[in-house]
Amino acid sequence: QLSCLVKMVTLHGIPQDLDNYPKDLLLFLSPSDYAATGSCRQYFANIGKANLDVLQRESSQRKQLLLEALACLKIPGTQVNEENAEILGHLVCDLSGEYIGSSGGNLLKRLSQCESFLPDQEEAIRSVVSSGNTTFGPPLAWSAFTLNELSGLIPVFDHSILQKIPK
């Protein structure tokens, strides 16, 4: 339905008020389509707020969106800073374990909003959390507030992490 709607909306060119349309609609446009109305950073900031689950997790379309976002943001290597993590929004859910490990705690809060994880992502999350080198500190220092912030990651935590969290 969204794909069809995009065809109708763009029938006479890309509308200048594209930012006012539902974010999910943008998933079916390319950054080059959007370029006429704004920057690729703005496009991916909007995509980051969309419901990515409209596209299948391993679909080529979703993988391409992530690749284009990383190129647009000129992310060197596999390290994503806080500002770029914010722009990526829900796209962080598709970053590989290598990105999660390299980015340290910059992604944890955003990853907490993801529906599910691949095994390499889970392993990277556990490694980052166990290191304690995050803004949240080591699990020994966590409070109820910290657990609330990271609630979506709790199913990923293993026994060694869970037993360190204060009661």
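**Reading the model step by step**

Q: Is N81 buried, exposed or partly exposed?
A: The idea is to compare relative accessible area with cut-offs: buried means under 20%, exposed over 50% and partly exposed in between (1.4 Å probe, protein chains only). N81 has 37% relative accessibility, so it counts as partly exposed. Keep in mind that this is a predicted model, where local features need pLDDT of at least 70, side-chain atom pairs count only at pLDDT 80 or more, and totals for chains, interfaces and linings use all residues. Residues are numbered from 1 along each chain as its sequence is written, and side-chain values use heavy atoms, with hydrogens and water left out.

Q: Where is N81, and how far is it from L107 in space?
A: Look in the loop between helix 5 and helix 6 for N81. A helix here is a DSSP run (H or I, at least four residues), a strand is an E run of at least two, and both are numbered from the N terminus. N81 and L107 sit 26 residues apart in sequence, yet their C-alpha atoms are 8.2 Å apart in space.

Q: How many helices and strands does the protein have?
A: Count 11 helices and 0 strands. Going along the sequence, the pattern reads α-α-α-α-α-α-α-α-α-α-α.

Q: What do the totals for burial and surface look like?
A: Of the 167 residues in the protein, 43% are buried.

Q: How do helix 4 and helix 5 cross?
A: Start with their axes, which are lines fitted to C-alpha atoms over the stretch in contact, with angles running from 0 to 180 degrees between N-to-C directions. Helix 4 (residues 40–47) and helix 5 (residues 60–72) have axes that come within 10 Å and cross at roughly 135°. Under 35 degrees counts as roughly parallel, over 145 as roughly antiparallel, 65 to 115 as roughly perpendicular and the rest as oblique. That's why helix 4 and helix 5 are called oblique to each other.

Q: Which residues of helix 4 and helix 5 meet?
A: Contact means heavy atoms within 4.5 Å. On the helix 4 side you'll find C40, R41, Y43 and F44, and they meet L65, E68, A69 and C72 in helix 5. The residues of this contact divide into 6 nonpolar, no polar and 2 charged. Here Ala, Val, Leu, Ile, Met, Phe, Trp, Tyr, Cys and Pro count as nonpolar, Asp, Glu, Lys and Arg as charged, and the others, Gly among them, as polar.

Q: What can I learn from the phi of K74?
A: Most residues other than glycine have a negative phi. K74 is a residue other than glycine with a positive phi, near 50°. You'll find K74 in the loop between helix 5 and helix 6 (82–88), and its relative accessible area of 68% makes it exposed.

Q: Is Q121 buried or exposed, and what does it touch?
A: Q121 is in helix 9 (residues 119–131). With 1% relative accessibility, Q121 is buried. Leaving out residues up to four places away in sequence, Q121 touches R57, C93, D94, L95, S96, G97, I100 and S116.

Q: Where does D53 lie, and what does it touch?
A: D53 belongs to the loop between helix 4 and helix 5 and is partly exposed at 48% relative accessibility. Not counting residues up to four places away in sequence, D53 touches R62 and E115.

Q: What about I165 and T134: where are they?
A: I165 comes in the segment after helix 11 (159–162) and is buried, at 13% relative accessible area. Beyond four places away in sequence, I165 touches P139, W142 and L147. T134 is in the loop between helix 9 and helix 10 (144–149), and its relative accessible area of 15% makes T134 buried too. Again not counting residues up to four places away, T134 touches G105, L108 and V128.
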